[in-house]
Amino acid sequence: MRKTLEALNALEVEGVIRRYAIGGAAAAVFYMEPFLTYDLDVFVSLPADQGGIVSLAPIYQAARKLGFGEEGEHIIVEGVPVQFLPAYNALLKEALDQAREISYEVTVTRVFRPEHLMAIMLQTGRDKDRQRLEAFRRQATWDAAYFDGILIRHGLLERWMEWIR
Amino acid sequence: MDGMDTLNDELKRILAAKEARRLRLAAESYPAKIRKVVRLQSMVAPILRARGRRVRVWSIE
């Protein structure tokens with residue numbers, strides 16, 4: 001895992017990706033009890049090409065140069081299947097901008113803040129997100145005022161009220 | 001009625017202990033939690049593969 005994170009940091013240093021942060025289940029595990037997941041979701045902002053088009057192709061090209069294999073939608077980065085996802089909406093862009101820097105052993109990386117993970121679970125809205133959110137809000141330490149701001153900015157207040165009723 | 005009260009107390013104690021364990025696990029370091037995730041992956045992978053799902057256990061060392 002440390003080598004995986006070092007490889008992600010190298011992609012950022014080399015400018016293949018502008019910024020990255022761990023999201024999804026692997027980020028939730030940072031704040032709550034461990035649970036089963038097989039994916040490492042890595043959200044990225046990418047430099048636009050000359051035509052202003054954002055593409056994941058440079059990541060795949062860089063991964064091939066480094067000898068990382070591909071399996072379906074994953075790139076196997078140092079033994080871990082990584083799914084690179086562009087921050088495709090305003091909530092994800094904000095989560096990526098405001099992600100927390102943390103240390104994994106001696107390697108620095110970033111994970112989404114707990115309040116953004118909760119908002120993303122709300123926005124995604126599947127049954128498993130609802131169940132995870134219920135456990136997450138009991139186990140994680142999170143800032144209610146900060147979370148309220150996210151709910152208001154991204155139009156999620158009504159769903160939150162419905163889910164916690 | 002006494003029996004029911006005892007059962008309720010016992011259940012409350014068990015549920016509280018489970019919640020306390022979850023909170024203890026949540027407080028562990030990230031690398032320790034990732035190691036547990038990988039153990040879970042190893043345990044569940046044979047079942048998922050038998051059902052035809054392709055999964056990869058993380059290689060983290």
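A: Two residues are taken to be in contact if their C-beta atoms, placed from the backbone, lie within 7 Å. The model is a predicted one. On that basis, 18 residues of chain B are in contact with 18 residues of chain A. On the chain B side, α1 (2–26) and α2 (30–50) of chain B each supply at least two of the residues that touch chain A. The largest share comes from α2(B), with nine residues. By class, the side of chain B that touches chain A has twelve nonpolar, two polar and four charged residues.

A residue is called buried when 20 or more other C-beta atoms lie within 10 Å of its own. The buried residues of α5(A) are P114(A), E115(A), H116(A), L117(A), M118(A), A119(A), I120(A), M121(A) and L122(A). They pack against α2 (24–31), α4, α6 (127–139), α7 (144–153) and α8 (157–164) of chain A. Just after α5(A) comes G125(A), with a positive phi of about 75°.

The crossing of α4(A) past α5(A) is left-handed. From α4(A), the contact is made by L91(A), E94(A) and A95(A), and from α5(A) by H116(A), A119(A), I120(A) and Q123(A). By class, this contact has four nonpolar, two polar and one charged residues. H116(A), A119(A) and I120(A) are also among the buried residues of α5(A).

The strands of chain A pair as follows. Strand β2 (residues 40–45) of chain A pairs with β1 (residues 19–22) of chain A in the antiparallel sense, over four bridges. In this pairing, R19(A) stands opposite S45(A) in β2(A). β2(A) is also joined to strand β5 (residues 80–86) of chain A, in this case by five bridges and in the parallel sense. There, D41(A) stands opposite Q83(A) in β5(A).

The loop between β4 (74–77) and β5 of chain A holds E78(A). The phi of E78(A) is positive, near 50°, in a residue other than glycine. E78(A) has 18 C-beta neighbours inside 10 Å and therefore counts as partly exposed. E105(A), in the loop between β6 (100–104) and β7 (107–111) of chain A, also has a positive phi, of about 55°, although E105(A) is not a glycine. E105(A) is exposed, because 10 other C-beta atoms lie within 10 Å.

Another exposed position is G69(A), with 11 other C-beta atoms within 10 Å. G69(A) lies in strand β3 (residues 69–71) of chain A. Twelve residues along the chain separate G69(A) from P81(A), and their C-alpha atoms are 9.3 Å apart.

Notes: Residues numbered from 1 in each chain as written. Chains lettered and ligands numbered in written order. Predicted model: local features only at pLDDT ≥ 70, side-chain atom pairs only at ≥ 80, totals over all residues. Nonpolar A, V, L, I, M, F, W, Y, C, P; charged D, E, K, R; others polar. Pairing = 2+ DSSP bridges. Left-handed = near helix turned anticlockwise from the far one by under 90°. Buried ≥ 20, exposed ≤ 12 C-beta atoms within 10 Å, placed from the backbone.
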